[in-house]
Amino acid sequence: MLQVGPITSYKISYTGEPYNTVTQYKVISIPNPIYPAVQSVSINITGLQEYNNYTLSVRVINSAGFSDQKVLPIVQTDLSVPAQPLNLNQHNVTSASFCISYYPPPGINQNGPITSYTVSYRGELFNTTEYNITVSVNTVVYPLTESSSVCISDLEVYNNYTVLIRANNGAGQGAAAIITIRTSETAPVAAPQNVNATSYTPTTINVCFEFPEGSTQNGLITSFNVSLVGSPFY
């Protein structure tokens, strides 16, 4: 590029796509301009959007004005892990299963193509082991807008489950969205424990018993049905 006087500064313009589409500018001042200038110049442009295409151009400035712009090849910023999924909703809840639907993070927070979701769940009572499911994304597009769903089965009756859903892209696993779901009740599957009946008075029988073992109660026990059948005495 032909210099026609001491270079005093450079003006860099950059525009993002598909996000940060407003053109922004950086000016690099040359503190002690010399003629002709021979030194190299560099600058770090910060505060950019992850996984975004940027078109950059550079102009040279001296006391007489601006040069024509030099347009650089498009530069894509690196991937970053995505934000958490949105709008978690439970449906088809039974005593042993439930389904959850959810949407991807907002496009600007996906930070790269989402390739799958990791669904982790853990029961509050009895079996508290954490389990993980990987839900694949059928079509990898950027940004992703389609909702997804997952159904989880073989669960314990009337148990609270904490479910965490994370989006994954090429940079790794993102933040978790959390939902708590309780499976529905069924009838108890075991009789009361340690049942004893004793004569209390000539006209009264005392019946003592304990609740069934917790994992067999299958819900809130609200009452007990005590049956008494008499027989004739001779």
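Modeller: Buried means under 20% relative accessible area, exposed means over 50%, and partly exposed covers what lies in between. Tyrosine 142 has a relative accessibility of 24%, so this residue counts as partly exposed. Please keep in mind that the model is predicted.

A pair of aromatic rings is described by the distance of the centres and the angle of the planes. For tyrosine 51 and tyrosine 142 the centres are 5.0 Å apart and the planes stand at 85°, so the pair is edge-to-face. Tyrosine 51 is in the loop between β2 (24-29) and β3 (53-62), and tyrosine 142 is in the loop between β10 (130-136) and β11; the pair thus links distant parts of the chain, 91 residues apart.

Another edge-to-face pair is made by phenylalanine 211 and phenylalanine 224, with ring centres 5.1 Å apart and planes at 80°. Both phenylalanine 211 and phenylalanine 224 are in the segment after β15 (204-210), 13 residues apart. Phenylalanine 211 is partly exposed at 44% relative accessibility, and phenylalanine 224 is partly exposed at 32%.

Ring pairs also join Phe98, Tyr121, Tyr131 and Tyr161 into a cluster.

The charged end of lysine 11 sits over the ring of tyrosine 25, 4.3 Å from the ring centre. Over the ring of tyrosine 158 sits the charged end of arginine 182, 4.3 Å from the centre of that ring.

Notes
Residues are numbered from 1 along each chain as its sequence is written. This is a predicted model: local features need pLDDT of at least 70, side-chain atom pairs count only at pLDDT 80 or more; totals for chains, interfaces and linings use all residues. Side-chain values use heavy atoms; hydrogens and water are left out. Rings of Phe, Tyr and Trp (its six-membered ring) pair if their centres lie within 6.5 Å; planes under 30 degrees apart count as stacked, over 60 as edge-to-face and the rest as tilted. Helices (H or I, at least four residues) and strands (E, at least two) are DSSP runs, numbered from the N terminus. Buried means under 20% relative accessible area, exposed over 50%, partly exposed in between (1.4 Å probe, protein chains only). A charge sits over a ring if NZ of Lys or CZ of Arg is within 6 Å of the ring centre and within 35 degrees of the ring normal.
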